[in-house]
Amino acid sequence: DKLTALAELRQQVPVELEQIAFLGDDLPDLPVMRRVGLGMAVASADGFVRAHAHGVTANPGGAGAAREFCELIMRAQGTLDAAQAAYL
């Protein structure tokens, strides 16, 4: 039950639902995806899940979707360039 896990996590890290991003691929992920601020599906996710997600990655699960998701967030926060530059 991922909603229970979400509630437990929010007890440990007090953040609003709108501040949480979640990436999923199947029906058990959908309740969390629909409650958080950014709930996205990977390209290879179940079609019903993709249809109800806030967005869908270009990459499938296991082939760069998580990195794409993280970079999307970092780009929006303006932190991606600095993080990449730290490796130069």
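User: How many positive and how many negative side chains does the protein have, and how far apart do the centres of the two sets lie?

Analyst: Lys and Arg count as positive and Asp and Glu as negative, while His and the chain ends are not counted. The place of a charge is taken as NZ of Lys, CZ of Arg, CG of Asp or CD of Glu. On that basis the protein has 7 positive and 11 negative side chains, and the distance between the centres of the two sets is 3 Å.

User: On what kind of model do these values rest?

Analyst: Residues are numbered from 1 along each chain as its sequence is written, and side-chain values use heavy atoms, with hydrogens and water left out. Local features need pLDDT of at least 70, side-chain atom pairs count only at pLDDT 80 or more, and totals for chains, interfaces and linings use all residues, since this is a predicted model.

User: Which residues make up the largest nonpolar core?

Analyst: A nonpolar core is a set of buried Ala, Val, Leu, Ile, Met, Phe, Trp, Tyr and Cys residues joined through side-chain atoms within 4.5 Å. Buried means under 20% relative accessible area, exposed over 50%, and partly exposed in between (1.4 Å probe, protein chains only). Of the 88 residues of the protein, 24% count as buried. The largest nonpolar core has seven residues: Met 33, Ala 41, Val 42, Ala 45, Val 49, Ala 53 and Ala 65.

User: Which residues does Ala 41 touch, not counting residues up to four places away in sequence?

Analyst: Contact means heavy atoms within 4.5 Å. Ala 41 belongs to the largest nonpolar core. Its contacts, with residues up to four places away in sequence not counted, are Leu 23, Gly 24, Met 33, Val 49, Arg 50, Ala 53, Gly 55, Val 56 and Thr 57.

User: Is Asp 29 buried or exposed?

Analyst: Asp 29 lies in the loop between S1 (21-24) and H2 (30-33). Not counting residues up to four places away in sequence, Asp 29 touches Lys 2, Phe 22 and Gly 24. Its relative accessibility is 4%, so Asp 29 counts as buried.

User: What is the relative accessibility of Asp 26, which lies in the loop between S1 and H2?

Analyst: Leaving aside neighbours within four places in sequence, Asp 26 is in contact with Asp 46 and Val 49. Asp 26 and His 54 are 28 residues apart in sequence, and their C-alpha atoms are 14 Å apart in space. Asp 26 counts as partly exposed because its relative accessibility is 37%.

User: Where is Ala 43 found, and what is its relative accessibility?

Analyst: Ala 43 is found in the loop between S2 (38-41) and H3 (47-52). Among the residues it touches are Arg 50, Val 56 and Pro 60. Ala 43 counts as partly exposed because its relative accessibility is 28%.

User: Is Glu 71 buried or exposed?

Analyst: Glu 71 has its place in H4 (residues 65-77). Not counting residues up to four places away in sequence, Glu 71 touches Leu 80 and Gln 84. With a relative accessible area of 18%, Glu 71 is therefore buried.

User: What is the relative accessible area of Gln 19?

Analyst: Gln 19 lies in the loop between H1 (2-12) and S1. The C-alpha atoms of Gln 19 and Gly 61, 42 residues apart along the chain, are separated by 23 Å. Gln 19 is exposed because its relative accessible area is 58%.

Methods:
Helices (H or I, at least four residues) and strands (E, at least two) are DSSP runs, numbered from the N terminus.
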